[in-house]
Amino acid sequence: MSDKNSCKGGCKFKSKIGGQALIEGIMMRGIDTEAMAVRLPDGSIDLEQWKLPKAKWYQKTPFVRGPVNFVTTLIDGYKCLSKSADKSLQEENENPSKLEKWLEEKLGDKLMSAVMFISGVLGVALALALFIYLPALATRGLAMLFPGLDDIYILKNVIEGVIKIGIFILYIWLTSLLKDIRRTYEYHGAEHKTIACYEAGDELTVENVKKHTRFHPRCGTSFIFLVLFISIIVNTLFMLPWEQVWLRALLKLCVLPIIVSIAYEVIKLNGKYDNIITKIISAPGLWIQRLTTREPDDSQIEVALAAFIPCIPEDKEQDRW
């Protein structure tokens, strides 16, 4: 086994490599390489890898890098998700419906871009409605039922934050009931277990990966929870008005970059350090990962390894936090 796949002496460290579960696949992002592995309908693994451009100053500067990297990761992840869906559904695509044939004739190569754009717009609209407008509307409704609540500004912000977190957990639980989403959560578990195996210094094999935890403090699930929690504090400090729900929702969008920047720095600290403070901060996100990750099977771990290994730099010190 090459030194790139193993760590002699059982060395243990915090890696910068992260990833994302896809449709029947996984995307991994290293310090200079990104790779995507997808299980094809014929059982083989399709692997793509590409070099990443050198990070700009705004991608490295604390409290500036958070919103920038968050948006970049969303766009990059969505593109990989779309490609993985196309690859894993090749057999179905060979027998398109009449509607699919008509759309292909009219739009041609632009069809996938159009679908991605529409899906992205609908996804953003749903997120804004669920996590920004609806919690504010629900809290305003409670204040009307309990007039005394209007006089306790901080309590209203806490109630709004709890509603957002509740919607987030409920959404995850409901989607986990869908078969396809459960499989994606299994790939999510494979991604985490592979990174944990690498960080523990174990040889990257299916059997070794299976021994490790499927929970990781740098997970996107933990990041979203931090965004929701920190929003309670930031929205309170900025004294966002409650008189008009639509105005409050608009102002919350304006302060969202501040919230994301703080959450990003906190999640990086959680990935770098392992002490009582980071464990307390990580605990809620790790608990929610019980819903967003599942134990993977061997074939899913194989996909995770295929995507992970190309992202390991020749000099592992470059990958150390």
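Is methionine 239 buried or exposed? With a relative accessibility of 53%, methionine 239 counts as exposed, because exposed means over 50% relative accessible area, buried means under 20%, and partly exposed lies in between, with a 1.4 Å probe and protein chains only. I shall return to this residue after an overview.

Please note that the model is a predicted one, in which local features need pLDDT of at least 70 and side-chain atom pairs count only at pLDDT 80 or more, while totals for chains, interfaces and linings use all residues. Residues are numbered from 1 along each chain as its sequence is written, and side-chain values use heavy atoms, with hydrogens and water left out.

Let me begin with the whole protein. Its secondary structure consists of 11 helices and four strands; these are DSSP runs numbered from the N terminus, helices being H or I with at least four residues and strands being E with at least two. The protein has 321 residues, and 41% of them count as buried. Its accessible surface is about 17,500 Å², with 65% belonging to carbon and sulfur atoms; such areas come from the Shrake-Rupley method with a 1.4 Å probe, and for residues only the protein chains shown count as cover. Contact here means heavy atoms within 4.5 Å. Among contacts in the protein with a separation of 6 or more, 72% are between residues 24 or more positions apart.

I turn now to the interior. In soluble globular proteins, nonpolar side chains tend to be buried together. A nonpolar core is a set of buried Ala, Val, Leu, Ile, Met, Phe, Trp, Tyr and Cys residues joined through side-chain atoms within 4.5 Å. The largest such core holds 23 residues, of which Ile26, Met28, Tyr198, Leu204 and Phe308 touch the most other members. At least two residues of this core come from each of strand 2 (25-29), strand 3 (33-39), helix 6 (179-199), helix 7 (206-210) and helix 11 (298-308). Helix 11 provides the largest share, six residues. As for phenylalanine 308, its contacts, apart from neighbours within four places in sequence, are Ile17, Met28, Thr194, Ile195, Tyr198 and Leu204. There is also a second, separate core of 17 residues, and Tyr153, Val260, Ala263 and Tyr264 are included in it.

Next, the second largest pocket. Rolling a probe the size of a water molecule over the atoms shows where empty space is left. On a 1 Å grid over the protein atoms alone, a pocket is an open set of points where a 1.4 Å probe fits, with protein on both sides within 12 Å along at least five of seven lines, and lining residues have an atom within 4 Å of a point. The space in this pocket is about 400 Å³, where grid points are joined across faces, edges and corners and the volume is the space filled by probe spheres set on the points. Its lining has 19 residues, with Lys12, Lys14, Glu199, Pro217 and Asp274 nearest the centre. Helix 6, helix 9 (245-272) and helix 10 (276-292) each contribute at least two lining residues, and the largest share, four residues, is from helix 10.

Several individual residues deserve attention. Serine 84 belongs to helix 1 (residues 65-88). Why does serine 84 count as buried? Its relative accessible area is 0%. Leaving aside neighbours within four places in sequence, serine 84 contacts Leu22, Ile23 and Val38.

Tryptophan 173, in helix 5 (residues 153-176), is partly exposed at a relative accessible area of 42%. Its C-alpha atom is separated by 6.5 Å from that of leucine 291, 118 residues apart along the chain. Glutamate 207, in helix 7, is likewise partly exposed, with a relative accessible area of 48%.

In the loop between helix 7 and helix 8 we find phenylalanine 215. Not counting residues up to four places away in sequence, phenylalanine 215 touches His192, Leu286, Gln289, Arg290 and Thr293.

Finally, the backbone. Most residues other than glycine have a negative phi. Glutamate 24, in the loop between strand 1 (18-22) and strand 2, has a positive phi of about 55° although it is not a glycine. Methionine 239, with which I opened, also has a positive phi, near 50°. That residue lies in the loop between helix 8 (220-237) and helix 9. The C-alpha atoms of methionine 239 and tyrosine 153 are 8.3 Å from each other, although the two residues are 86 residues apart along the chain.
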